[in-house]
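Take a look at the structure below. We will walk through it one part at a time.

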Amino acid sequence: MAATNNEFVRRLAEALNEDEATVQEATVLADLEGWDSVGQLSVIALIDECFNQRINVDALRKCQRVGDLLQLINGKAQH
């Protein structure tokens, strides 16, 4: 069963070692300390685990906000 968007955001914060309260759909990914190459690989693994989806680094790097990640996962992004 796929994770909900809220569950994913909570786990995203955990994967990036961020306070859950600071990570929301409008959060700019580049503003997160954990959003480096290692963090991005962690997010790719998290998406695979939560949604059974594989995304590539190029698509991930086009995401500016957490909401863009959710759109990518939900297939709504133009990546």
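**Salt bridges and packed helices**

At 30% relative accessibility, Arg 10 counts as partly exposed. This is a predicted model, so every value here is computed from it.

Which residues does the side chain of Arg 10 meet in a salt bridge? One is Glu 7, at 2.7 Å from N to O. Another is Glu 14, at 3.5 Å from N to O. In general, side chains of opposite charge can pair when their charged atoms come close. Together, Glu 7, Arg 10 and Glu 14 are linked in a network of salt bridges.

Now place these residues along the chain. Arg 10 and Glu 7 both lie in helix α1. They are three residues apart, about one turn of the helix. Arg 10 and Glu 14 are four residues apart in helix α1, so about one helical turn separates them. How open are the two partners? Glu 7 is partly exposed, because its relative accessibility is 28%. Glu 14 has a relative accessible area of 52%, so it counts as exposed.

By the rule used here, the count comes to three salt bridges. We have seen two with Arg 10. Arg 11 forms a salt bridge with Glu 49, and their closest N and O atoms are 2.3 Å apart. This pair links distant parts of the chain. Arg 11 is partly exposed, with a relative accessible area of 23%. Glu 49 is exposed, at 56%.

Next, turn to how helices pack. Two packed helices are described by the angle between their axes and the distance between the axes. Take helix α1 (residues 5-15) and helix α4 (residues 66-73). Their axes come within 11 Å and cross at roughly 125°. The two helices are therefore oblique to each other. The crossing of α1 past α4 is right-handed.

Which residues make this contact? From α1 come Asn 5, Phe 8, Val 9 and Leu 12. From α4 come Val 66, Leu 69, Leu 70 and Ile 73. Sort the residues of this contact by class: seven are nonpolar, one is polar and none is charged.

Stay with α4 for a moment. Is this helix enclosed or open? Six of its eight residues are buried, so α4 is largely enclosed by the rest of the structure. The buried residues are Val 66, Gly 67, Leu 69, Leu 70, Leu 72 and Ile 73. What covers them includes α1, α2 and α3 (57-61). Just after α4 comes Gly 75, which takes a positive phi of about 75°.

One last stop is Thr 27. Where does this residue sit? Its place is in the loop between α1 and α2 (37-51). Is Thr 27 buried or exposed? Its relative accessibility is 13%, so Thr 27 counts as buried. Look past its neighbours within four places in sequence, and Thr 27 is in contact with Thr 22, Leu 32, Gln 64, Arg 65 and Val 66.

Methods:
Residues numbered from 1 in each chain as written. Predicted model: local features only at pLDDT ≥ 70, side-chain atom pairs only at ≥ 80, totals over all residues. Heavy atoms only, no water. Axes fitted to C-alpha atoms, helices over the stretch in contact; angles between N-to-C directions. Parallel < 35°, antiparallel > 145°, perpendicular 65-115°, else oblique. Left-handed = near helix turned anticlockwise from the far one by under 90°. Contact = heavy atoms within 4.5 Å. Nonpolar A, V, L, I, M, F, W, Y, C, P; charged D, E, K, R; others polar. Buried < 20%, exposed > 50% of the residue type's maximum accessible area, 1.4 Å probe, protein only. Salt bridge = Lys/Arg side-chain N within 4 Å of Asp/Glu carboxyl O.
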